[in-house]
Amino acid sequence: MELGDAQITGRDFVVTRTGQRVEVVMQQPGHLELHVDHKPGRLFVVRAGDVEIEDVGTEFSVDFDGKNVDVRVTEGEVKVKHAGKDTAIVAGQKLAMKVLRMIPAVARRKKTGVTGYHGQR
């Protein structure tokens with residue numbers, strides 16, 4: 001999926017945009033490949049369960065099996081928020097986490113009042 005300043009390859013995700021925030025929520029276990037251009041003032045976030053990956057302008061992937069999330073950075077840096085901690089991951093690093101709870105995308109969309117895109121590639 002082409003978002004202008006980001007490309008996402010994967011399936012079963014929802015994209016919402018609100019002001020200066022883009023949020024991609026993985027609906028089902030799966031794999032996403034992302035290439036996100038740095039855009040000052042814009043926050044780009046991927047959610048998998050209760051794990052939040054904040055992009056800083058980079059290439060990275062997210063594997064989600066319903067119970068675990070693996071984040072791998074191939075270029076640039078991301079910030080991962082999970083269980084009350086923020087962790088920076090840079091190119092060549094990966095981080096694996098156990099999902100503590102699921103956060104439904106539908107509830108988040110209703111809260112923001114924004115319709116999303118259900119990606120299927």
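## A walk through the predicted model

Start in the middle: the largest nonpolar core has 28 residues, and Phe44, Val46 and Phe60 have the most contacts inside it. In general, nonpolar side chains of soluble globular proteins tend to be buried together. Keep in mind throughout that you are looking at a predicted model.

**Stop 1: Val46.** Select Val46 and show what surrounds it. Leaving out residues up to four places away in sequence, Val46 touches Val24, Met26, Leu32, Leu34, Val51, Glu52, Ile53, Phe60 and Val62. Phe60, one of the residues with the most contacts inside the core, is in that list.

**Stop 2: strand β5.** Now select residues 43-48, which make up β5.

Strand β3, residues 21-26, pairs with β5 in the parallel sense over five bridges. To see one of the partners, pick Val22: Phe44 is its bridge partner in β5. Strand β6, residues 51-55, is joined to β5 by five bridges as well, but these two run antiparallel. Here, pick Arg47, whose bridge partner in β6 is Glu52.

While you're there, follow the chain from β5 into β6. Their hairpin has two residues between the strands, and Gly49 takes a positive phi near 65 degrees.

**Stop 3: the five-stranded sheet.** Colour the strands β1-β4-β7-β8-β11; in that order they form an open sheet with antiparallel pairing. Which strands are at the edges? They are β1 (6-9) and β11 (94-98), each pairing on one side only. On average, neighbouring strands in this sheet are turned by 15 degrees against each other, ignoring direction.

Zoom in on the β1 end. β1 and β4 pair antiparallel over four bridges, and the partner of Gln7 in β4 is His35.

**Stop 4: Glu33.** Stay with β4 (residues 30-36) and select Glu33. At 38% relative accessibility, Glu33 counts as partly exposed, because that value lies between the 20% and 50% cut-offs. Beyond residues up to four places away in sequence, Glu33 touches Gln7, Ile8, Thr9, Phe60 and Ser61. Then look along the side chain of Glu33, which makes a polar contact of 2.6 Å with the side chain of His31.

**Stop 5: Thr58.** Move to strand β7, residues 58-64, and select Thr58. Is Thr58 buried or exposed? At 2% relative accessibility, Thr58 counts as buried. Not counting residues up to four places away in sequence, Thr58 touches Leu34, His35, Val36, Val73, Glu75, Gly76, Glu77 and Val78.

**Last stop: confidence.** Finally, colour by pLDDT. The chain averages 83, and 83% of the residues score at least 70. Where pLDDT is low, the predicted coordinates should not be read in detail.

Key
Residues numbered from 1 in each chain as written. Predicted model: local features only at pLDDT ≥ 70, side-chain atom pairs only at ≥ 80, totals over all residues. Heavy atoms only, no water. Core = buried A, V, L, I, M, F, W, Y, C linked by side-chain atoms within 4.5 Å. Buried < 20%, exposed > 50% of the residue type's maximum accessible area, 1.4 Å probe, protein only. Contact = heavy atoms within 4.5 Å. Polar contact = N/O pair within 3.5 Å; in protein donor to acceptor, adjacent residues only side chain to side chain. Pairing = 2+ DSSP bridges. pLDDT = per-residue confidence, 0-100. Axes fitted to C-alpha atoms, helices over the stretch in contact; angles between N-to-C directions.
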